[in-house]
Amino acid sequence: MNDIKLALLGSEGAGKSAVLVRFLTKRFIGEYASNTNSLYQKRLSIDGRQLNLEVFDPCSQSGESRCILEEPLDWADGFVVVYTISDRTSFLNAKNILAQIKESRRETCKGEVPICLVGNKQDLCHSRQVSEEEGRSLAQENKCIFQEVSAAENYLEISNLFTKLIRHVMEQLKHRGDRRRYSGSKSMAKLINNVFGKRRQSV
């Protein structure tokens with residue numbers, strides 16, 4: 001069984017945890033504590049293959065918080081970067097995060113880094129500050145999967161987005177011949193817990 005490791009990154013208030021929980025449970029929960037780090041785990045089947053999915057959801061990142069990104073950048077196979085369409089600052093922070101991911105992986109990753117850029121809170125289009133064209137353009141610049149979604153209203157779009165990203169990760173791992181995922185996931189989870197001092201959640 002393959003292990004797939006994703007890191008979920010974005011500004012406080014962007015709704016990244018809501019997007020993740022919507023994918024994992026189909027439920028929408030609007031309020032989350034943003035000062036905690038969590039490791040979510042789920043078994044799923046994609047294209048007939050059984051996978052152990054681990055998603056690290058750190059406390060929200062400010063534009064300058066490079067230190068909080070270092071460990072997730074080294075650990076993860078793929079990334080979900082979330083901003084909200086109703087907050088331009090969160091979009092600019094997402095742009096900064098994408099730059100950090102690219103810089104971190106320039107030497108170690110031969111092919112494209114699997115990244116999904118998500119414009120959340122599509123249901124708040126009446127207070128939109130970031131156009132869909134801007135999000136799509138940023139994604140194209142960074143060779144990311146892109147989608148605007150509403151964690152509050154739509155499960156299917158979010159599910160399809162994660163599935164597309166996981167397929168991309170699986171393809172990259174196959175080409176790289178990467179064997180990290182065959183190390184014990186429990187010991188890796190323990191290491192991540194030690195590094196971040198966070199709680200683990202199984203969904």
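Visitor: Which unit do E5, helix H4 and E6 make?
Guide: In this predicted model, strand E5, helix H4 (residues 132-141) and strand E6 form a right-handed β-α-β unit.

Visitor: In which sense do E5 and E6 pair, and over how many bridges?
Guide: E5 (residues 115-120) and E6 (residues 145-148) pair in the parallel sense, over four bridges.

Visitor: What is the bridge partner of Val118 in E6?
Guide: Gln147 is the bridge partner of Val118.

Visitor: Switching to charges. How many salt bridges does the count come to?
Guide: The count comes to six salt bridges. One of them joins the side chains of Asp57 and Lys16, at 2.3 Å from N to O. Asp57 sits in strand E3 (residues 49-57) and Lys16 in helix H1 (residues 16-25), 41 residues apart.

Visitor: Asp57 and Lys16, buried or exposed?
Guide: Asp57 and Lys16 are both buried.

Visitor: And which side chain does Glu134 meet in a salt bridge?
Guide: Glu134 meets Arg88, at 2.8 Å from N to O. Glu134 is in H4 and Arg88 in helix H3 (residues 88-105), so this pair ties together parts 46 residues apart in sequence. Glu134 is partly exposed at 29% relative accessible area, and Arg88 is partly exposed at 28%.

Visitor: What about Arg128, where is that one?
Guide: Arg128 is in the loop between E5 and H4. The Arg128 side chain forms a salt bridge with that of Glu148, 2.8 Å from N to O. Glu148 belongs to strand E6, 20 residues away.

Visitor: Why does Glu148 count as buried?
Guide: Because its relative accessible area is 1%, and buried means under 20%. Arg128, at 31%, is partly exposed.

Methods. Residues are numbered from 1 along each chain as its sequence is written. This is a predicted model: local features need pLDDT of at least 70, side-chain atom pairs count only at pLDDT 80 or more; totals for chains, interfaces and linings use all residues. Side-chain values use heavy atoms; hydrogens and water are left out. Two strands pair if DSSP finds at least two bridges between them. Helices (H or I, at least four residues) and strands (E, at least two) are DSSP runs, numbered from the N terminus. A crossover is right-handed if, with the strands pointing away from the viewer, the path from the first strand over the helix to the second runs clockwise. A salt bridge is a side-chain nitrogen of Lys or Arg within 4 Å of a carboxyl oxygen of Asp or Glu. Buried means under 20% relative accessible area, exposed over 50%, partly exposed in between (1.4 Å probe, protein chains only).
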